[in-house]
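Please view the sequence and the structure together while reading.

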Amino acid sequence: MFGEPIVRVEDPRLLTGQGRYLDDLGRGALAAAFVRSPYAHARITGIDVDGALDVDGLVAVYTWEDLPGRVGEPLPLLIPHPALTHGRTAYPLARDVVRHVGEPVVMVVARDRYLAEDAAGRIQVTYQPLPVVVGIEKSASAEYLVHDDVPGNVGAFLVQEVGDAPAAIDAAPHVLEFRLDIERSASMPLEGRGVYARWDADDESLRVYSSTQTSTSVRMAIAAKLGLPPAKVEVIAPDVGGGFGVKIVHPWPEEVLVPWAARLLNQEVKWAEDRREHFVSSAHERGQVQFVRVGFDDEGRVLGLDVKILHDHGAYTPYGIIIPIITSTQLLGPYKLGAYRAEVTSLYTNTLIVTPYRGAGRPQGVFCMERTMDRIAAHLHLDRIDVRAANLIQPDEFPYDQGLIFQDGRPLIYDSGDYPALLRKARDLIGWDSFGSLRAVATAEGRRIGIGFACYVEGTGVGPYEGGHVEVDSSGRVHVSTGLTSQGQGHQTVFAQIAAAELGVPISDVQVTTGDTRRFGYAVGTFASRAAVMSGNAIALACRRLKEKALRIAAEALEADPRDLEIADGQVYVRGNPSASIPLRTVAVLSNPLRYAFDEEAQRATQFATGSSPDEPPIAPGEEPGLEGKDYYSPVRSTFAAGAHAAIVETDPDTAEIRILRYAVVHDCGRLINPRIVEGQIHGGVAQGIAGALYEKMEYDSDGQLLNASFMDFLMPYATEIPRIEIDHLETPSPLNPLGIKGAGEAGVIPVSAVIASAIEDAEGFEISAMPISPDDLFRLRRH
């Protein structure tokens, strides 16, 4: 099964309306709604709830003053870092000051959502407006402060360097300096956030359903905030309608407040986010300004690169500075530079928080490096791919230490790859060498076309760990559990393929459960292209433990040596003698000595049927009943996938409309578990990359109001805007994990802005320094 492009086993259930999403649950629960700040920066001077008290069906109204103890404390700063010297997080409900539009101020609980919204609308909050800081330049000027106790609006200042980049640049034959800009976008999953909680007063236990990417961490956060033992808190991620990073943040204010209210009221309470709330109350990403200085030789080899990055992290830093850390390290791509220095200044603004969105800092880094490669090629009048080839790490140089510290706190060491082969494959796939004749034909027809290219390296499978549990029941069904969650990645298929391949059973016999703390209590979460690497390997290791036990039990039943046994199609048989066999389901029965028989199969495990030695205990020392295996995978460091993208675009000479004619991807994620699912991940990633390159932009005005907070105004591409994506694969197995795999979830999105900018620049003949780029932007650039 490993490596087979089988169709996703979860799709029939989801496509026929049998999915169970957050808002499908708790139909009779009380509903929560929130009064959110209409101001980007203001002091709360009064809250009048009297108008809400007349709403029939109102149950409760809460402000910050009502929140006891740890519930009312600021939300946790999830990833501390020494460079994050002035990290700040929000209160679950605003205390005294609001710092972005959409910050929650009052929580209302009512009989249903309609009544809760009616009551929320009658609550009067009075504000004293404060100076607003919007945009990186305004924040850096520090004329006004987002937090009074944060000097210069600087949350973090980080420098990573290898060698003496400024000196290397000064001594280089050629030097370039320029500025690059990447605007904000956001995840925009089909389903917003949501949480539903119910309290069992008799058992003093709490069950919470959350549309999250990390159910186990939400569990720990809720337990800590509510003062409950973790064993008394269950968190379940039902079917989740997309995440793309925004749902890895935890706990959201609502994930604390809804369970707290459910416990306090001893009633079920639910909140499901609406789209307006998602725009102004969840999280955004991207948003950087980069100042680049590079020195290089006559062949285009980079001798020194110095990048100063200004990063907008919004009003708070709950997820630390992971995004700019990734930008500053993944910026290097597949290249070996003479010297490198990255200086990151992470700034507060009165806008929504910035946390990972698919790509998580990598698109910004790749945009910087690939734009730099194109600038070098243009300066030297060299082919753009030849300049890249001159800088590539070679296959015999792995493992390659870039000399930096990655987001997992471990050295940035590339484990394996063949970057020249990626370059060649992508060059051939897009038809780079024959593009000149294609352009000549287009020019003769009065059309403008251009070709672009970009490379990237993606750190995947970050630690610290994931686990897997596998059990074979007496019917032969294989139950696989892992703690991380699923949001459409195809985990039920991929993890089943791994188990089927490891155990020699039909995939139809394998059932997979994810994101349920009742089934698996310890996990980290789904993010950073890590699920297949982390849980996939954990499941494989668990299967191997189970298989070892199964062969030992079967060997006793068959009077054979375990080393002579194999498993195929759910049967354990003696190698070379298939007639000497025993079903795996029977092995499962024999693994659990019984006193009572509940069916005919179970009779084989009772005390008068086994024929076991009277001098040995029914369960050997160190053994456990049942045919199951459990294990964890914890990597020494991340694996590094890589790829190259290329595109041909057409720009209309009159309207400046930009159309993608062809898009090609060559990707290396190690051994492919399921090529069909990997390609689906690439398709989705490229679509989001095109969205970020040509359409999506969070448009704030100077007062901190988000002007396009609806799907009417926030442009997202339809299928009609996404070209057919041509894909080729390269497989260089990772030596760091048993399966030899690397992650693939974010590969499609990472280099797209760089590729499209390169192609537009080639078509137009002038530099493209900022993304996204609209027809209006291009029209203005032509005029100037």
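Is aspartate 569 buried or exposed?

## Aspartate 569

In this predicted model, aspartate 569 has a relative accessible area of 66%. Aspartate 569 is therefore exposed, the cut-off for that class being over 50%. Its place is the loop that lies between β22 (565-568) and β23 (571-574).

With neighbours within four places in sequence left aside, aspartate 569 is in contact with Gly504 and Pro506. Isoleucine 507 is 62 residues apart from aspartate 569 along the chain, and the C-alpha atoms of the two are separated by 9.5 Å.

## Nonpolar cores

The largest nonpolar core comprises 100 residues, and those with the most contacts inside it are Leu305, Tyr414, Tyr663 and Ile756. Helix α9 (residues 362-380) supplies the largest share of this core, eight residues. Another core lies apart from it and has 43 residues, including Val472, Ala500, Val512 and Leu565.

Beyond its neighbours within four places in sequence, tyrosine 414 is in contact with several residues, among them Leu332, Ile393, Phe398, Tyr419, Val457 and Phe640.

## Helices α13 and α14

Two packed helices are described by the angle between their axes and the distance between the axes. For helix α13 (residues 491-503) and helix α14 (residues 531-558), the axes come within 9 Å and cross at roughly 30 degrees. Angles under 35 degrees count as roughly parallel, so α13 and α14 are roughly parallel to each other. The crossing of α13 past α14 is right-handed.

Residues making this contact include Phe495, Ile498 and Leu503 of α13 and Ile539, Cys543 and Leu546 of α14. By class, the contact has ten nonpolar, three polar and three charged residues.

Key. Residues numbered from 1 in each chain as written. Predicted model: local features only at pLDDT ≥ 70, side-chain atom pairs only at ≥ 80, totals over all residues. Heavy atoms only, no water. Core = buried A, V, L, I, M, F, W, Y, C linked by side-chain atoms within 4.5 Å. Buried < 20%, exposed > 50% of the residue type's maximum accessible area, 1.4 Å probe, protein only. Helix = DSSP H or I, 4+ residues; strand = E, 2+ residues; numbered from the N terminus. Contact = heavy atoms within 4.5 Å. Axes fitted to C-alpha atoms, helices over the stretch in contact; angles between N-to-C directions. Parallel < 35°, antiparallel > 145°, perpendicular 65-115°, else oblique. Left-handed = near helix turned anticlockwise from the far one by under 90°. Nonpolar A, V, L, I, M, F, W, Y, C, P; charged D, E, K, R; others polar.
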